[in-house]
Amino acid sequence: MKKLLLLLLLSASVIYSQNSTGTIKGRVVAADNSPLEGVNVFIPGTNYGSASDLRGFFQIKNIPFGVYDVEFSLIGYKKEIKEKIDLRQSAINITVILYEAAIETKQVIVSAGKYEQNKDDLSVSTTVLKPEIISQKNIHSFDDLLRYVPGVQMTMDQVSIRGSSGYSKGAGTRVLTAIDGVPFYSGDMGDIVWEMIPLQDIERVEIIKGPASSLYGSTAIGGVINIITKTASKNLFTNFKSYIGTYDKPSYDIWNWDDRFRTFYGLSLTHSNHYKNLGYTFSVRKFDDMSYRQNDYYKRYTAYTKLNYLFSDSSNLSLLANYLYSIRGNYLYWKDSRNALLPKEGEEKNKVKSNRLFLSLIYDKKFSDSFTAQLKSSYYRTKFDGIAIEFTTSTANLFRNELIGTFNFSDKLRLISGLEFSYTKVKSNIFKSPDYIGTGLYAQMEYNLTENLILNAGARYDYLKLDTLKGANAITPRAGLNYKLTNDLILRSSIGTGFRVPTPSEVFTSAGVGGGIDVIENPNLTYETSLSFETGLLYNYSKSLRLDAAFYQTEYNDFIEPNLTYTGDIQFINLPKARIQGLEAIIDWDFVPQMFKLNISYNYMWSRDIEREKEMKYRPRNVLYTNISYNHYPFEAGIDFRYWSKVEEIDDALVEPPLNYVKDGNRRVPVYVTDINAGFNFFIGSLPAKTFVSLKNIFNYNYVEFLGNIAPPRNITLSFELFY
Amino acid sequence: MKKIILTVSIILLLLINGCDKGIEPADEITTPTGFKGKVTFSENWNNNIKRTHLVVFKKPINKDEDFFPPNLTFVIDSIPKGTSQFNYNSLENNYIESFSIGQGEYSYVVVAQSNSPELSLLRKDWVVIGVYCENGDQTKPKKLIIDAGKISENINIDVNFNNPPPQPPGGM
């Protein structure tokens, strides 16, 4: 009997000892939910530890039951400690997100100057956006992202930086949008199709506020938006995203034209990985929006590929292909303010079909520590067919090549120079069928005069010839300085020139827009020039409070604007002189560090058509953006408020007798828009996932960004993302 | 505490501003808007005249381009040569279909003649022969005031070919 008892006790002891250890396992991912390999995972004060594998998974076995802190660290990332993990079972699963240390130290890198610089070393105002904001705000198209950027104004789908543009139905742009530094605008209209920007593959967005013609040429007279795409994931990475939403009913019963809920949805699938030296990313997306207005629907399909081949540590080749097919209703103006969500009579079935293909090839070669070269080639084919009473069509093929050399003569002196050539052929029944040749040659030098003072200066020469028009020559110099008065107070100043050649659509458009109004060509249209000055400061009051302020002024000569002629037609003309002056202030305050952030930006802008002694059209004098965000893993939330003062000048001739083309079109108000969003990060098994809900225009405030076009009413979006 | 007050203040500011509904639909207007009256001619017509129109301008004419749209707001049908009295109504005698006149104040209403057979858009092709004015004083143009949903009546102009009014800038 004693032997039996002893045996039972021994057995129990063995069973107990077998169950007294457990495993801590899980996954480590980055802020964008891509897996992190090689993360050091250990329990301080013990010998227990491990490292994450290719897909971010880790496990530490045979740990005695107990309560432990587990530390996660990886070079370049902020250390994370999971405290008081109570191990009382065979396995515990934990998941961790590591954030880049660069974000903490604010060492934000910007390459819009055609080489990588620290943002704090720049001589012009710059905003850098990180991709997290896209999920947080449930953004489906890049232009919606720009609506939250200080100093940037979206009028419908047209972007303006510090008042550089009014509204011209997409014809011409004064802001150069580039993907990885390769310009991305169409050959005929010079417009940007925001839906083609690969939101799912954005590493960061750099916004240069001020003319950059000295580096980028004609289109950059108002600034640059440079979208940097991600390098392909080192490990298998797939992202699935879907969203669905609906517009609320209109504020007034007489605006309610459809009893159904007007909905929108989208799907995207992105896959990224490496095979030996080849990195690849593939993505497909679909968007469908019924719209809150009649005949304002769209259906869009995009396909995106980025391939990167590493020949060696000093040379690599990137290929980016981006395709869009879209079909959409062509809503131009409301019928009148009593029928604010219906198009004008006769325009109920107008639609536009578009096909666009953008290809870019970038070859980087580092010849030595002091010399690097880059070749950028691109091809952009755009085609649209407008189906209305008049059939309109245009196909444009734009070829572009640029060779960039970066010379590092010493730690203090750097020279960036380049040569650019582009050719565009347009075939259209409304823009004629012109061809367009552009060449440019530029050089910019940066010199660290002292440890605290950086000087830069440069110039660009351009020759552009648009079909039968006389060729245009332009030299655009600029100079700037950045002076670090103390570690926390940085002064910057720059002066620069810009120029812009009219696009084929601005010169040659000859088409009816309805109501007996025609757009007519203006072969005498000449290029516009500008002289800009900016001075600003960056002040870090404390680690959690940061102020950026700037004064800016731009003088334009021969500014190109659409105008109603005395014959009652619309024609692009040169305004002799225009001037824009302004003040911009941005405050970033982490009022509860790591948890609550407040961002306030205010822009005062005074724009004048000097000849007519009037304000320039569609430029609000006061703009205020406010954001409060909360971030405490796994929860995220935010509230945004946007205010524009009432736009002082619009196209009066379109809304007043005799034409009265847009009835009640002079109805406009200040803009007050409030959006809220909330999100939750979680794991499905070991797969990171997130869900966000956003409510936009929560007070259902009725406003217009452009005459006769009511902006979206209150709408709600629910999104879901899965990473594996 | 200060942080909370600031946060609450900002949220309140958003709420207060957001309570306004913004753009509202215009009131429904069921009756037409316009003007009517008569043009009376004294003395003999010039045989070379090809066109005679009553025209409405938003603002006074200070330079050549003010003579045309968008300052030129409305054009009444061409008045037949030799007419001694012409009764018109803006709803029935709108010469340019794409033009419409609405509620507002219009500073300069005149009768003008042209020797051009087509509707010319050159200032030099036109001469003003009568002005809507105060007490017959053609040097003092009277404002045409139109209210929404109403027809302004008695917008009468007397034309004396032998006593033309002062000409606005430009012209022949």
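Author: A strand, as the word is used here, is a DSSP run of type E with at least two residues, and strands are numbered from the N terminus. The model is a predicted one.

With that term in hand, consider A:Thr450, which lies in the loop between strand S28 (435-448) and strand S29 (453-466) of chain A. A:Thr450 counts as exposed because 10 other C-beta atoms lie within 10 Å, and a residue is exposed if that number is 12 or fewer. Between A:Thr450 and A:Asp248 there are 202 residues in sequence and 58 Å in space, C-alpha to C-alpha.

A:Asn557 belongs to strand S35 (residues 545-564) of chain A. With 17 other C-beta atoms within 10 Å, A:Asn557 is partly exposed. Leaving aside residues up to four places away in sequence, A:Asn557 touches A:Glu528, A:Thr529 and A:Lys577. A:Arg608, 51 residues apart from A:Asn557 in sequence, is 12 Å apart from A:Asn557 in space, C-alpha to C-alpha.

Strands may also be viewed together. In chain A, an open sheet of five strands runs in the order S10-S15-S16-S13-S14, with mixed pairing. Its edge strands are S10 (125-129) and S14 (182-183), each of which pairs on one side only. Within this sheet, strand S15 (residues 202-209) and strand S16 (residues 223-229) of chain A are joined in the antiparallel sense over seven bridges. A:Lys209, for example, has A:Gly223 in S16(A) as its bridge partner.

Technical notes
Residues numbered from 1 in each chain as written. Chains lettered and ligands numbered in written order. Predicted model: local features only at pLDDT ≥ 70, side-chain atom pairs only at ≥ 80, totals over all residues. Helix = DSSP H or I, 4+ residues; strand = E, 2+ residues; numbered from the N terminus. Buried ≥ 20, exposed ≤ 12 C-beta atoms within 10 Å, placed from the backbone. Contact = placed C-beta atoms within 7 Å. Pairing = 2+ DSSP bridges.
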